[in-house]
Amino acid sequence: MQRTRPVILATLADMLAFIPLTHSVFWGSMAHTLIGGTAVGTVLIQLFLPSLYVAWFLINATANGSHEVFRKNRSCEHRWLPSRVVGRDASSSRPG
């Protein structure tokens, strides 16, 4: 949480700086877009992407505060290879 405080404070400062522009006819719509984009981008970067990373790589917290990658007897190869999905290695899927 301490690492996110400066990012959140900078985001809030940026969003507050755009508020005077919202009253302008020319810059108003751009100011609203920048405020919303800054808020959504910060939420995505600070909350969603780290959660997605932990879920994708199956990272578990240990008792001493460190983290380990949870693997069930998997090789270090990519999960999205079709030969690994069906349970065969690539050499056995070739005819001949």
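Helices (H or I, at least four residues) and strands (E, at least two) are taken here as DSSP runs, numbered from the N terminus. The structure is a predicted model, in which local features need pLDDT of at least 70 and side-chain atom pairs count only at pLDDT 80 or more, while totals for chains, interfaces and linings use all residues. Residues are numbered from 1 along each chain as its sequence is written, and side-chain values use heavy atoms, with hydrogens and water left out.

The protein chain contains three helices and two strands, and from the N terminus on its elements follow the order α-α-β-β-α. Of its 96 residues, 10% count as buried, a class defined as under 20% relative accessible area, with exposed meaning over 50% and partly exposed in between (1.4 Å probe, protein chains only). Among contacts (heavy atoms within 4.5 Å) with a separation of 6 or more, 13% are between residues 24 or more positions apart.

Threonine 11 lies in helix H1, which spans residues 4-18, and counts as buried because its relative accessible area is 9%. When residues up to four places away in sequence are not counted, threonine 11 touches Thr38 and Thr42. The side chains of threonine 11 and threonine 42 are also joined by a polar contact of 3.1 Å, that is, a pair of N or O atoms within 3.5 Å of which, within protein, one must be able to donate a hydrogen and the other to accept it, residues adjacent in sequence counting only if both atoms are side-chain atoms.

Aromatic rings of Phe, Tyr and Trp (its six-membered ring) pair if their centres lie within 6.5 Å, planes under 30 degrees apart counting as stacked, over 60 as edge-to-face and the rest as tilted. By this rule there are two aromatic pairs. Phenylalanine 26 and tryptophan 27 form an edge-to-face pair, with 4.9 Å centre to centre and 90° between the planes; phenylalanine 26 is exposed at 64% relative accessibility, whereas tryptophan 27 is partly exposed at 40%. Tyrosine 53 and phenylalanine 57 form a tilted pair, with 4.9 Å centre to centre and 55° between the planes. Both of these residues lie in helix H2, four residues apart, about one turn of the helix.
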